[in-house]
Amino acid sequence: MRFRFFAVVKRSTLFLLLFLTFGLAKESAAQTRVFSGNAHYITDQVLHFANNRIFPGYSFDFNEVLYTVIGNEIMLGGSGSEFDLVYTYREGRIYTGNAMYSGQIVYTLGKNGKVYKGDSNFELDVLYTVKDAVIYAGSGAFAGDAIYFIEGRYSPADLFGILLSLDLIE
């Protein structure tokens with residue numbers, strides 16, 4: 001009887017450990033992190049995503065959430081409320097609030113990974129270039145122009161949340 005009890009406890013403990021291990025592995029694989037530097041020389045983690053929220057550095061303090069990205073909507077802070085909506089991503093463009101008029105376009109994401117100011121695709125309006133998960137200053141993609149590296153999956157709306165959180169755009 002005593003042997004059977006310990007066998008059940010041992011089996012339950014093993015299942016619990018396997019469940020936690022696979023759960024944490026899945027969570028860490030789905031996490032997006034941003035480092036200063038480029039893909040070859042990364043220095044400090046400056047941002048990370050957790051539950052659609054962008055946190056600074058290594059923090060998990062809900063009071064420090066910079067932006068929340070749900071679908072194509074970017075909200076200020078951690079609430080995820082429509083009242084905190086700052087930008088909406090639609091068809092390669094970022095609109096203020098939930099607007100849809102061309103006069104309310106503040107940034108454009110080109111097919112070449114370039115982020116333009118306003119509703120533009122003119123080379124002089126390029127603010128940043130995102131190529132192979134590296135954010136470059138300006139329109140070049142040279143190693144010396146690399147300023148941040150993104151590790152993990154991200155959507156275009158997530159990218160704009162990252163740029164906002166890094167104060168690269170307003």
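In which loop does Asn-51 lie? In this predicted model, Asn-51 is placed in the loop that joins strand S2 (42-50) to strand S3 (53-56).

**Two residues with positive phi**

Asn-51 is not a glycine, yet its phi is positive, at about 55°. Ala-133, likewise a residue other than glycine, has a positive phi near 65°. The loop that holds Ala-133 runs between strand S10 (126-131) and strand S11 (134-137). With a relative accessible area of 62%, Asn-51 is exposed, whereas Ala-133, at 17% relative accessibility, counts as buried. Ala-133 is classed as buried because its value falls under the 20% limit.

| Residue | Phi | Relative accessible area |
|---|---|---|
| Asn-51 | about 55° | 62% |
| Ala-133 | near 65° | 17% |

**The nonpolar core**

The largest nonpolar core comprises 33 residues. Ile-74, Ile-135, Phe-160, Ile-162 and Leu-163 are those with the most contacts inside this core. Helix H2 (residues 156-165) supplies six residues, the largest share of the core. When residues up to four places away in sequence are left aside, Leu-163 touches Val-115, Ile-135, Leu-168 and Ile-169.

**Confidence of the prediction**

The average pLDDT of the chain is 84, and 79% of the residues score at least 70. Over residues 22-29, the pLDDT is below 50.

Key
Residues are numbered from 1 along each chain as its sequence is written. This is a predicted model: local features need pLDDT of at least 70, side-chain atom pairs count only at pLDDT 80 or more; totals for chains, interfaces and linings use all residues. Side-chain values use heavy atoms; hydrogens and water are left out. Helices (H or I, at least four residues) and strands (E, at least two) are DSSP runs, numbered from the N terminus. Buried means under 20% relative accessible area, exposed over 50%, partly exposed in between (1.4 Å probe, protein chains only). A nonpolar core is a set of buried Ala, Val, Leu, Ile, Met, Phe, Trp, Tyr and Cys residues joined through side-chain atoms within 4.5 Å. Contact means heavy atoms within 4.5 Å. pLDDT is the predictor's confidence in each residue, from 0 to 100.
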